[in-house]
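Here is a short briefing on one protein chain. Look through the structure first, then follow the points below.

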Amino acid sequence: MSWMSNRAYFSVWCRDFGEPVMLERFEQFLGTVPLSETQPGFANLVVRAIGPDQTPLLERDLRAAVLEAADVARLAGEWLQPDCCAEVQAYWDLWTYDVEAGAWGLGPHRLEILCQGEAYDDEAWRDTGHFWIHAGFEYLFTGHAGLLSSAAAAATAARHPAEAEFLDRMVRPGNLGDYRQKTQQNIRKLIGWAEQAHRAMPVDRWRLWSEGEENLEARLESILTGR
């Protein structure tokens, strides 16, 4: 379902993130990632200094072995400074609908996790968090074209023939309930991760947001409660 390109994000701000504890916070956060069962471990590590347009200081393909959070932190440790950002790729399992198979499946989706030092990229952490997670396509948590909020609105909101076909299938008897249930499970996994991070480290605040929703958190709450 590639017609939807908006992304969903998860940002975390810590109360204490200075140079003495930055690496510790990095390891703590990686320890909360709900990694995929079929593609476990972390896939890639990049460390950059100054800004995102700079040549990496470190690049490691991590797919040869299943590494733990402590292993990834150890690799980044020599390079991770307040003017640096560690970029980690991994996978987590979310529900998606396979149109060709006509069935739901729980499978791996790519995550990108950025750990931003407070002097990196003109203090970008103030807007996007000490940890900025690219969680995947927005529709994995909101559904397509407002269908989970208003079927009538969805009928006029489809912007692609394939999307219109998908929406038509989802409003058939029995399908809409499954669609809501699977999307709710994705939402609960995302919120559960945020809550786990809050328990694991001194989190000041966290926020769920996206490119397409003015208030993603309110949208997710409406889907969870069925309003």
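Strand β1 covers residues 7–14 and runs antiparallel to β7, with 7 bridges joining the two. In this pairing, F10 faces L208 of β7. Keep in mind that the model is predicted.

**The sheet**
- Both strands belong to an open sheet of 7 strands. The order is β3-β2-β4-β5-β6-β1-β7, and the pairing is antiparallel.
- Which strands stand at the edges? They are β3 (58–61) and β7 (203–210). Each has a single partner strand, so one side of each lacks a neighbour in the sheet.
- From one strand to the next, the twist averages 20°.
- As background, strands of a sheet pair through backbone hydrogen bonds.

**Helices on the sheet**
- Helix α1 (residues 22–30) lies across β1, β2 (42–49), β4 (84–98), β5 (103–116) and β6 (131–137). Helix α1 runs at about 175° to β5.
- Helix α7 (residues 175–200) also packs on the sheet. Helix α7 touches β1, β4, β5, β6 and β7, and makes an angle of about 155° with β4.
- Which residues of α1 are buried? They are M22, R25, F26, F29 and L30.
- These residues cover an arc of only 130° around the axis, so they sit on the same side of α1.

**The nonpolar cores**
- The largest nonpolar core has 55 residues. Those with the most contacts inside this core are F26, F29, L45, F131 and F141.
- Strand β4 gives the most to this core, with 7 residues.
- Another core, of 6 residues, lies apart from the largest one. Among its members are C85, L114, W132 and W209.
- In general, nonpolar side chains tend to be buried together in soluble globular proteins.
- What does F131 touch, leaving aside neighbours within four places in sequence? Its contacts include F10, V12, F17, F26 and F29. F131 is also in contact with R25, L114, C115 and M201, among others.

**Aromatic rings**
- The model has 14 aromatic pairs.
- One of them joins W92 and F141. Their ring centres are 6.2 Å apart, with 40° between the planes, and the pair is tilted.
- This pair links distant parts of the chain. W92 is in strand β4 and F141 is in helix α4 (residues 139–142), 49 residues apart.
- Are W92 and F141 buried or exposed? Both are buried.
- Ring pairs also build a cluster from F10, F17, F29, W92, F131, F141, W193 and W206.

Notes. Residues are numbered from 1 along each chain as its sequence is written. This is a predicted model: local features need pLDDT of at least 70, side-chain atom pairs count only at pLDDT 80 or more; totals for chains, interfaces and linings use all residues. Side-chain values use heavy atoms; hydrogens and water are left out. Two strands pair if DSSP finds at least two bridges between them. Helices (H or I, at least four residues) and strands (E, at least two) are DSSP runs, numbered from the N terminus. Axes are lines fitted to C-alpha atoms, for helices over the stretch in contact, and angles run from 0 to 180 degrees between N-to-C directions. Contact means heavy atoms within 4.5 Å. A nonpolar core is a set of buried Ala, Val, Leu, Ile, Met, Phe, Trp, Tyr and Cys residues joined through side-chain atoms within 4.5 Å. Buried means under 20% relative accessible area, exposed over 50%, partly exposed in between (1.4 Å probe, protein chains only). The arc is that of the directions from the helix axis to the C-beta atoms. Rings of Phe, Tyr and Trp (its six-membered ring) pair if their centres lie within 6.5 Å; planes under 30 degrees apart count as stacked, over 60 as edge-to-face and the rest as tilted.
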